[in-house]
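Hello,

Here is the structure for you to look at. My notes follow below it.

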Amino acid sequence: MPRRRILNPLTELLAAVLLVVLVLVVNRWEFSLAVLLLVVVPAVLTSGRVRQIGLAVLLIAGPLLLSSLLLHGLFFPEGRTVLLDLGPARVTREGLAFAAVMGLRMSVFTGVLLTAAMTLDVPELLATMTHRRWNRKLVFVVGSAVGLIPHVALRAQQITRAQQARGLVLGRGPVARVRALLTVTTPLVIGLLVDASERNRMLGARGFSSPGPRTSYLPDTDTPRQRAARRAMVVGVGFFSVLWLGSGVLA
């Protein structure tokens, strides 16, 4: 069941972006772990799309975590405590610790951004940005970026069902899974490129680049209180970041 929406999508998206900024600024594994356990995990569990978000996080963060483990765990020049000597590669305690911290941070990034992207009401978000008189190109870029992951997931599901109707059998082994993934990836990428080309022609035919104010046919669900809250969030995070980085430089 989808969660009951309380905040405007623009407020939710800004909160996700500012949370990522805070994780980058603080740059401590304790803070990243706290964000993961106290923010990301509850947000995923209450999103109503636990399976979809979990699979997306695994597909995106999994290869990043593996590459970080191989790169920093085996080839970390600052490592001093050698746990395993493999000739040109050395497994060091410092390298594994650095890989773990980087993996934790990447998990937070992907969890926060994917949860926001896969649970936002994209039409309501675009309507809010249009009512706020944002630049139309910026509105289109933000809407396309936020709506890309759900669109790709839906197209992949449709292609998989079409392939199964034509005789594709999804085996249980890893080799069969990889083979099935390859049969879905090619038409998925080609379809996305065709969609982008058609969308570009449609926008040109409908006068997307023409000057003048834009009109949204959806009501404005934003409120003055939330607009003030967004300004306060930006100012608060900016002020905290300056103080935190300044104290780090002075220290």
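The chain exposes about 16100 Å² by the Shrake-Rupley method. Carbon and sulfur atoms supply 69% of that area.

This is a predicted model: local features need pLDDT of at least 70, side-chain atom pairs need 80 or more, and totals for chains, interfaces and linings use all residues. Numbering runs from 1 along each chain as its sequence is written, and side-chain values use heavy atoms, without hydrogens or water.

The protein chain has eight helices and two strands. These are DSSP runs, numbered from the N terminus: H or I over at least four residues for helices, E over at least two for strands. Their order along the sequence is α-α-α-β-β-α-α-α-α-α.

Now to helix α3, residues 50-74. α3 spans 34 Å from first to last C-alpha, close to the expected 36 Å (1.5 Å times one less than its number of residues). α3 bends by about 35 degrees at A61. That bend is the angle between axes fitted to the seven residues ending there and the seven starting there. A proline, P63, follows within four residues. Buried residues of α3 include I53, V57, A61 and H72. Among the elements covering the buried residues of α3 are α2, β2 and α4.

N27 has a positive phi of about 55 degrees, yet is not a glycine. Most residues other than glycine have a negative phi.

Best wishes

Definitions and conventions
Areas by Shrake-Rupley, 256 points an atom, 1.4 Å probe, with all protein chains shown as cover. Buried < 20%, exposed > 50% of the residue type's maximum accessible area, 1.4 Å probe, protein only. Contact = heavy atoms within 4.5 Å.
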